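Open the model in your viewer and keep the selection tool ready. We start inside, then move to a pair of strands.

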Amino acid sequence: ATTPEPIPMMQPPEGHHPDLDYVLIGPRQLQFATNVIITGIGGKLYQTRNGTSVLGGAATGTIVSAIHFVTSTGASYFFRFLTTKVQQLSGSTWVDVTGITLSGTKEDPVSVAGWNDLLLFSNGVNGTFQINPVTVSGSLIAAAPSGRHITVFAGRLVVCAPPNIKWSVKNDYTDFTGLGSGSEDTRNTPGGFMDQLTGVYPVTDHLAFVVRSGSIWSMSETGNFDVPFQFSHSVPIGSRFPLGVVRIPGGIIVPGDDAVYEITTGGYKLISDDAADYILKGINAPRRVCGVLSSDSTRYALFTPNSVTSMLVHVCHRTLGNQWTTLEFPFPLLTMAPGRFESALLTDELVGLTDDLAGLTDNLGVTSQALGLMFVPDRADSYVITEDESQTDNPGGRDVNASGGRVGGGFSLQTGGISPASPLERVT
């Protein structure tokens, strides 16, 4: 007689499948995975996410967005955008940026771009502004329109002011009327269906993707000074989420209405469909959908605001494809953004004997992994909250809530049915 082999409870992860009945979940799958991410070499590990801490003091008013800005010299600055003003972090204190007055709402998230050592931004309501972080001052760029999405491409400030894409004179972000400035009207919709402008996303120095709600177009340089760009249809995939689109080497990640795709100059491929059906349903604020790519480009975090998942961020291991987990936080989210990027060493990544050990030791992840996320809670008079690796094992509470108080938190891995080798075996 032979002795049955033990059935492993934790095999290399394949992410969760919340839409499947538990009896259909395979041995490498989970029905739901909360507060863990897939990491390790080759995506072999589930690891708990980092803890969180507040960044500076509480705001007086409603925070709309927060960003981490690094200048051309490597200087690092944090900004938070309120409905009425902008603040810059000085030490542990938020100070007002002078010269800027805003009048948007929390439904008017900020789009940002960098021009050398200046931060450019627009909330889509009050115009496009510039900030000098050295002097902690800013001003309105008088000639620039308000934009739902802005970027810098081919030496020009490009502003998406639906239905138009508008660009400045080359090498002058303040001039939108001189020779070489111009615009592209996107109201024409081949095929006769609605195809609204979402944003422009540079891929190389000479090529950008124009994302619309139902299609993606290439925007490339012509070499003609007076007519600098030409546009051509690329793929029949689109997105309504300007802040959900993120750049990857050679392309972009695009969250659509029912799936998530990678778009490159060579075409497109599906990252996720089944999990995205769950994630992308019922979105009630398209402009607040946010995507963040981890510093090593392996994980894509996506926040999709709706009445059910306002406290959840979904994370896909994009190099493995269709493998999602979910992070849950003790505060309702308004938006998120890239923040500090930190990494932690895994036991499995140690060189030498430790990596050669068989069994559980080889699969241990002794520390958490940072995605580099900053969060803005959906609450007035709240904080900017960041990932904080030092708080992951804090017995007083791994996380902070919207009021800045420390609270505990855990993780869960919900499996499907446990199948013995033979129906005659008893499983205990």
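The second largest cavity holds about 30 Å³ of space. A cavity here is a set of points, on a 1 Å grid over the protein atoms alone, where a 1.4 Å probe fits but cannot get out; lining residues have an atom within 4 Å of a point. Points are joined across faces, edges and corners, and the volume is the space filled by probe spheres set on them.

This is a predicted model: local features need pLDDT of at least 70, side-chain atom pairs count only at pLDDT 80 or more, and totals for chains, interfaces and linings use all residues. Residues are numbered from 1 along each chain as its sequence is written, and side-chain values use heavy atoms, without hydrogens and water.

Select Pro109, Val110, Ser111, Arg148, Pro242, Leu243 and Arg287 to show the lining of the second largest cavity. Four of these residues are nonpolar, one is polar and two are charged. Nonpolar covers Ala, Val, Leu, Ile, Met, Phe, Trp, Tyr, Cys and Pro; charged covers Asp, Glu, Lys and Arg; the others, Gly among them, are polar.

Next, the largest cavity, with about 40 Å³ of space. Its lining includes Val64, Phe81, Asp108 and Val110. Five lining residues are nonpolar, four polar and one charged.

Now select residues 324-328, strand β28. Strands (E, at least two residues) are DSSP runs, numbered from the N terminus.

Pairing takes at least two DSSP bridges. Finish on valine 315, whose bridge partner in β28 is threonine 325.

Key:
Buried < 20%, exposed > 50% of the residue type's maximum accessible area, 1.4 Å probe, protein only. Helix = DSSP H or I, 4+ residues; strand = E, 2+ residues; numbered from the N terminus. 1 Å grid on protein atoms, 1.4 Å probe; cavity = no way out; pocket = protein on both sides within 12 Å on 5 of 7 lines; lining within 4 Å.
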